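Please look over the sequence and the structure before reading on.

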Amino acid sequence: MVELLRDGRVVGFPTDTVYGLAALASDARAVHRVFEVKGRPLSQPLILMVPEAAQVEELAEVGERERAYMDRWWPGPLTLVLRARPHLRPPLVAGEPGTVGVRIPAHAHALALLRAVGAPLATTSANRSGEPEAMTPVDAACLGGLAAVLDGGRAPGGVPSTLLDLSGSDPRILRIGPIGTAELM
């Protein structure tokens with residue numbers, strides 16, 4: 001899997017929520033290929049996954065509030081939308097000021113892949129936009145356009161991660177997932 005990613009290919013992999021698509025975030029062509037495979041508009045950024053919270057500071061602005069959410073919920077099914085560092089560019093960032101979604105999944109296979117790659121992966125759920133999420137490696141493989149799918153059995157979560165925007169003065173939930181509003185606010 002690592003060699004496929006380093007070769008600019010798109011792969012499927014399990015997370016603690018659903019199966020995902022991944023490409024090296026530093027490989028612009030591979031990132032665009034993720035958008036093509038998913039049928040997703042470039043205006044909807046991908047999520048960057050890393051294995052360690054310390055790596056997030058290379059991608060986004062992290063203060064006490066952000067660190068508190070990271071310490072409480074990671075690894076886990078929470079994606080944080082943070083102010084992006086200036087070196088990140090669309091389609092990995094959105095809006096003005098630029099924001100980026102980041103996450104550390106709580107899944108042994110996903111974490112092992114992230115550690116082996118040693119660089120952020122640009123990710124999204126393994127499904128065509130608007131279609132049900134892939135829950136098994138077979139579901140992910142049916143999407144087509146993938147170099148390989150890492151088999152981690154059935155995804156345990158069943159729904160995509162909760163998406164929490166911390167880029168402004170007040171936290172804002174953009175998508176409800178496994179973690180509810182009452183737990184986050």
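Predicted model: local features only at pLDDT ≥ 70, side-chain atom pairs only at ≥ 80, totals over all residues.

**Ends of helix α2**
- Helix α2 covers residues 28-38.

**Faces of helix α2**
- Ala30, Val31, Val34, Phe35, Val37 and Lys38 are the buried residues of α2.
- Viewed down the helix axis, these buried residues lie within an arc of 165°, so they line one face of α2.
- An α-helix has 3.6 residues a turn, so residues three or four places apart point the same way.
- Ala28, Arg29 and Glu36 are exposed on the other side of α2.
- The packing partners of the buried α2 residues are β2 (19-24) and β6 (121-125).

**Nonpolar cores**
- The largest nonpolar core has 45 residues, of which Leu48, Val56, Trp74, Leu78, Leu80 and Val102 touch the most other members.
- At least two residues of this core come from each of β2, α2, α3 (64-73), β4 (78-83) and β5 (99-103).
- The most is given by α2, which supplies 5 residues to this core.
- A second, separate core has 12 residues, including Val2, Val11, Phe13 and Leu121.

**Contacts of leucine 78**
- Leaving aside residues up to four places away in sequence, leucine 78 touches Tyr69, Trp73, Val102, Arg103, Ser161, Thr162, Leu164, Ile179 and Leu184.

Notes. Residues numbered from 1 in each chain as written. Heavy atoms only, no water. Buried < 20%, exposed > 50% of the residue type's maximum accessible area, 1.4 Å probe, protein only. Helix = DSSP H or I, 4+ residues; strand = E, 2+ residues; numbered from the N terminus. Arc of directions from axis to C-beta. Contact = heavy atoms within 4.5 Å. Core = buried A, V, L, I, M, F, W, Y, C linked by side-chain atoms within 4.5 Å.
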